[in-house]
Amino acid sequence: MSLNREDIEKLCFLARLEVTIDEMPDVESKLSDIVKLIDQLQAVDTASVTPMAHPLDREQRLREDRVTESDEREQIQLNAPLVERALYLVPKVIE
Amino acid sequence: MHDRTLALLADDLAARRVSAVELTEHFLQRIEQFDAQLNAFVTVTRDEALAQAAVADKRLAAGNATPLTGIPIAHKDIFCTQGVKTSCGSKILDNFISPYDATVVSRLRDAGAVMLGKTNMDEFAMGSSSETSFYGAVRNPWDHELVPGGSSGGSAAAVAARMVCGATGTDTGGSIRQPASLSGITGFKPTYGRVSRYGMVAFASSLDQAGTLTRTAEDAALMMQVMAGFDERDSTALTDPVPAFSSALETPWQTITIGVPENFFDDGLDEGSAQAIRDALRVFERLGATIKDVHLEHVHLSVPVYYVVASAEASSNLSRFDGVRYGHRAENIDNLTELYMRTRGEGFGAEVKRRILTGTYVLSAGYYDAYYLQAQKVRQLISDDFARAFADVDFLMGPTTPTPAFGIGQKMDDPIQMYLNDIYTIGANLAGLPALSVPCGFSGGLPVGLQLIGAHLSEPALLKVAHYFQLETDWHTRVPAAYA
């Protein structure tokens with residue numbers, strides 16, 4: 001199947017990713033090509049196959065729930081675009 | 001000096017025939033001389049490198065050096081390096097100074113390797129040509145009009161042009177082996193989980209694996225010895241003991257059976273490359289290997305499976321880039337949703353956007369079963385094909401890529417053609433297998449890579465077989481004329 005502009009606008013909102021009007025025709029045609037490529041998978045009979053969980057059949061390792069990291073907030077927040085009193089600033093979300 | 005392999009330079013350093021500072025100065029001078037034309041580096045860390053080299057010389061004098069002490073290397077700009085920009089080839093991380101080191105970086109530093117800089121790459125490792133970088137395309141040292149392959153194209157070009165002795169890379173669908181093949185060097189992707197992913201910017205977590213780009217398999221073994229091993233900071237790091245890679249190379253040749261996947265020799269394979277691969281197989285026959293045809297029934301579905309699984313994981317992993325905690329942030333916005341959308345719209349390039357949207361699509365309500373779950377089932381079928389083959393043969397061998405290096409710009413407008421470049425390499429990622437590419441000849445004057453794939457955790461045997469091939473042939477010694 002191919003994707004139309006409305007489908008792509010919905011995906012952009014789900015992904016919180018802006019695609020400009022200028023970029024849209026290119027995204028529309030190339031994404032439709034990609035969907036055609038991955039649609040090849042529909043023809044494979046997988047009724048009796050268990051989906052792969054890990055390439056080596058290993059299980060997820062768990063660790064004890066204990067504090068292992070030290071507080072490096074100041075250093076980490078050096079990369080933040082906007083910080084005030086150790087808090088990340090975002091546009092107002094509650095009126 | 002620069003034409004000596006990492007292993008030979010390690011001997012020179014140990015014997016004090018050259019100092020680490022001299023070596024570092026020599027390679028830094030080559031970067032200064034050549035990188036303007038290749039664009040292999042995003043950042044060159046001259047001062048830090050010279051300081052590290054001075055420390056390495058003290059260590060060599062004190063007699064507590066490792067084989068990598070004083071060896072100039074570079075890291076793909078996907079590995080976090082404390083205090084040094086880590087861009088992942090993206091505008092969204094153009095201003096990101098990592099507050100910590102990746103495990104790969106700290107292990108190589110602890111061994112005394114000297115970091116000369118961070119190498120250019122496809123944005124977020126999404127690409128097969130190193131053209132999608134925010135910092136511009138990397139050029140192939142064999143021909144500047146051609147791509148070096150990708151996504152670890154900066155590392156490949158830097159090693160091929162003798163600007164470093166070895167470099168790190170990452171391989172999610174072929175991103176070490178494919179550029180190694182196109183640039184005429186040796187690229188090694190270990191078993192999934194063999195090397196820690198901690199501090200490696202995540203693309204597709206079930207496929208991502210760090211490895212090496214070097215001149216020889218012997219050099220790869222030396223770097224792997226330091227990089228491999230359990231790390232409690234990566235929940236998928238294998239706990240299996242790390243074998244002695246270098247001493248495995250010195251063990252006597254044993255009879256092996258090589259499986260050749262006949263479906264790798266399809267219509268898409270360049271005739272000159274096919275000939276070089278057949279000649280390489282004859283070298284193994286002369287060494288006493290038995291060659292057998294094998295058929296991997298589902299491997300032709302690798303590319304579509306990959307573009308579902310990798311895109312799905314990427315769309316999730318890249319959701320962390322939000323303009324709030326680090327990285328680029330769009331300006332003059334008074335609404336949070338718009339802040340996210342504009343920040344990401346401005347920060348990501350076209351290919352990354354396509355992958356995020358593809359991933360969002362295959363994971364969205366109503367499509368999950370049809371795409372993501374179906375892809376993980378076909379992935380299991382592909383993995384089963386490999387397991388069946390390894391019940392019968394020791395290694396699989398064939399081409400790394402369908403063609404030698406292609407032109408800059410040639411495939412940028414056709415993502416599907418770009419994706420098909422990885423048709424022979426993706427299978428090993430889907431099945432988590434170790435694989436490497438070694439130079440095995442030329443087609444139209446451009447290097448061709450032979451791909452060797454082994455069973456899980458077979459790295460010592462795999463590196464040994466590649467090493468024996470390099471003892472019998474001299475393709476790995478060929479250097480682009482301008483960089484000799």
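A: **A helix between two chains**

The buried residues of α12(B) pack against α1 (5-14) and α2 (24-38) of chain A, and also against α10, α13 (368-390) and α14 (415-419) of chain B. Helices here are DSSP runs of H or I with at least four residues, strands are E runs of at least two, and both are numbered from the N terminus. Buried means 20 or more other C-beta atoms within 10 Å of a residue's own, exposed means 12 or fewer, and partly exposed is in between, with C-beta atoms placed from the backbone.

A quick word on provenance: this is a predicted model, where local features need pLDDT of at least 70 and side-chain atom pairs count only at pLDDT 80 or more, while totals for chains, interfaces and linings use all residues. Residues are numbered from 1 along each chain as its sequence is written, and chains are lettered from A and ligands numbered from 1 in the order in which they are written.

Back to the helix. Eleven of the 14 residues are buried, so α12(B) is largely enclosed by the rest of the structure. Among them are Lys353(B), Arg354(B) and Arg355(B), along with Ile356(B), Leu357(B) and Tyr361(B).

Now for the chain contact. 55 residues of chain B are in contact with 41 residues of chain A, where contact means C-beta atoms, placed from the backbone, within 7 Å. On the chain B side, α10, α11 (336-347), α12, α13 and α14 each supply at least two residues. α13(B) gives the most, with twelve. That side divides into 29 nonpolar, 16 polar and ten charged residues, counting Ala, Val, Leu, Ile, Met, Phe, Trp, Tyr, Cys and Pro as nonpolar, Asp, Glu, Lys and Arg as charged, and the others, Gly among them, as polar.

Of its 166 residues, Ile73(B) and Val308(B) touch the most other members. Helix α10 (residues 302-317) of chain B brings the largest share of this core, nine residues.

Zooming out, chain B has 16 helices and eleven strands, and 64% of its 484 residues are buried.

Note on methods
Core = buried A, V, L, I, M, F, W, Y, C linked by C-beta atoms within 7 Å.
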